[in-house]
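Welcome! Have a look at the structure first, then read on.

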Amino acid sequence: TQRHNRKEAMAAAQSSIERALELVGLTGVEDKLQDNVRESLEKLRHAGIRIWMLTGDKVETAVCIAVSSRLAERSQQFFTITGLASVADASKRLNALRRRNGEDVVVVDGSSLQIMLDNYPHEFMEQMCRASSAVACRCSPTQKAAIARLVQNQMKKRVAAIGDGGNDVSMIQRANVGIGIPGKEGQQASLAADFSILTFSHLNRLLLWHGRNSYKRAARLSQFIVHRGLIIATIQIVHCAMYYYAAVAVYNSWIQVGYATLFTMLPVFSLVLDEDISEWVADTYPELYRELRKGRSLNTKSFLTWVFKSVYQGTVIMVISIFVLWDDHYFTTMHLSAISFSALVFTELIMIAAEIHKWHYLMILAEAFSMVCYLVCVLVLPTVFDRSVVFTWNFLLRVLIVTLVSCLPIYLGKCLQRRFAPSSYSKLV
């Protein structure tokens with residue numbers, strides 16, 4: 001095994017073996033363009049996704065495929081980087097590419113690509129990312145993986161690699177997301193990929209619909225997990241601060257476990273069934289996908305917003321609970337715990353319901369099940385809930401006041417945001 005000058009050694013070994021051979025026959029596999037490829041690529045472009053084609057075909061074939069699949073628009077021109085023999089030639093073509101306005105489709109062959117990757121990897125990738133599309137011809141599997149790695153590491157972009165052959169495996173495994181298509185060459189790409197689709201046209205549904213739901217649901221679920229834990233922690237902190245920092249638990253251990261499991265777990269996790277828009281809208285208006293690429297559903301701003309909501313509601317629940325209990329009959333530790341915990345459970349369920357865009361029957365069952373579990377807990381834990389007080393109008397009124405003060409400002413703020421800063425899809429729903 002030779003580590004240095006490996007390519008030259010392989011070429012010399014190949015030339016020494018392939019001598020005086022007689023051509024017996026040739027075999028070929030017809031690989032037609034799949035159905036609906038043009039429409040799929042057009043929607044992906046409207047979604048703000050840059051599309052590159054890395055292929056082993058020769059330059060003429062790759063350009064024809066790019067034109068027939070509408071990877072290149074009719075008004076676009078091709079900027080070719082082919083036949084480079086030296087670093088000086090590569091530098092000239094790279095400078096010429098810099099002078100372009102970024103609207104051309106860049107076409108580069110395998111030998112020229114290797115010279116660029118060896119000498120100007122960062123500059124070449126930067127100019128390739130400026131172009132509307134790119135076509136790399138005569139690419140080896142190693143070059144495909146190298147391009148995916150450079151786009152990830154140097155350009156800080158997320159890469160989805162789609163392939164249908166064994167020569168695409170290294171690229172699929174190197175990308176952030178690998179998508180395999182079963183082809184005539186076998187199942188290697190599908191087996192090595194993160195996702196497998198039958199045809200290229202299914203890519204639209206995978207990205208524009210399932211990708212959107214996956215991101216939105218994961219963001220909402222993580223936010224409520226933070227909210228659910230931080231609000232009860234804030235209540236405990238405020239309780240200790242108001243009682244001279246005494247290390248006394250505000251809630252019984254049984255209802256604390258119930259809060260994290262029976263009372264709020266199912267409603268929170270039912271958010272994975274929510275849909276902010278319909279599948280038809282996501283497919284008809286791929287431009288909505290551009291909004292997701294900004295990462296606004298789960299960023300530092302949204303995290304701090306939910307932290308503020310949790311701290312505000314936790315503080316209000318404890319402070320107002322003490323304020324509305326300020327009389328000799330109600331002001332006991334048991335009654336304080338019962339009122340604040342009831343308001344806590346109702347607040348969490350109301351917050352979840354306010355964030356749902358489209359109700360699913362499992363969401364309704366989850367909310368109802370949580371309420372039933374809470375009522376059962378009131379009945380079976382007499383040391384925590386005084387039934388002679390809990391089932392009175394005075395108690396229910398106090399719980400209602402605490403819950404309204406906790407939830408109403410948050411809901412009003414949400415309504416104002418929808419009124420003055422509506423989402424991009426609000427007119428389509």
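A cavity here is a set of grid points where a 1.4 Å probe fits but cannot get out, and its volume is the space filled by probe spheres set on those points. Please keep in mind that this is a predicted model. With that rule, the model has two cavities of 30 Å³ or more.

- The volume of the second largest cavity is about 30 Å³.
- Around the second largest cavity you will find Leu208, Arg212, Ile277, Ala282, Tyr285, Pro286, Leu288 and Tyr289.
- Seven of these lining residues are nonpolar and one is charged, with no polar residues.

**Where two helices pack**
- Helix H5 spans residues 110-119 and helix H6 spans residues 121-130; they pack at an angle of about 120°, and their axes are 5 Å apart.
- H5 and H6 are therefore oblique to each other.
- On the H5 side, the contact is made by Leu113, Met116, Leu117 and Asn119, while H6 contributes Pro121, Phe124 and Met125.
- Six residues of this contact between H5 and H6 are nonpolar, one is polar and none is charged.

Technical notes: Residues are numbered from 1 along each chain as its sequence is written. This is a predicted model: local features need pLDDT of at least 70, side-chain atom pairs count only at pLDDT 80 or more; totals for chains, interfaces and linings use all residues. Side-chain values use heavy atoms; hydrogens and water are left out. On a 1 Å grid over the protein atoms alone, a cavity is a set of points where a 1.4 Å probe fits but cannot get out, and a pocket is an open set with protein on both sides within 12 Å along at least five of seven lines; lining residues have an atom within 4 Å of a point. Ala, Val, Leu, Ile, Met, Phe, Trp, Tyr, Cys and Pro count as nonpolar, Asp, Glu, Lys and Arg as charged, and the others, Gly among them, as polar. Axes are lines fitted to C-alpha atoms, for helices over the stretch in contact, and angles run from 0 to 180 degrees between N-to-C directions. Helices (H or I, at least four residues) and strands (E, at least two) are DSSP runs, numbered from the N terminus. Angles under 35 degrees count as roughly parallel, over 145 as roughly antiparallel, 65 to 115 as roughly perpendicular and the rest as oblique. Contact means heavy atoms within 4.5 Å.
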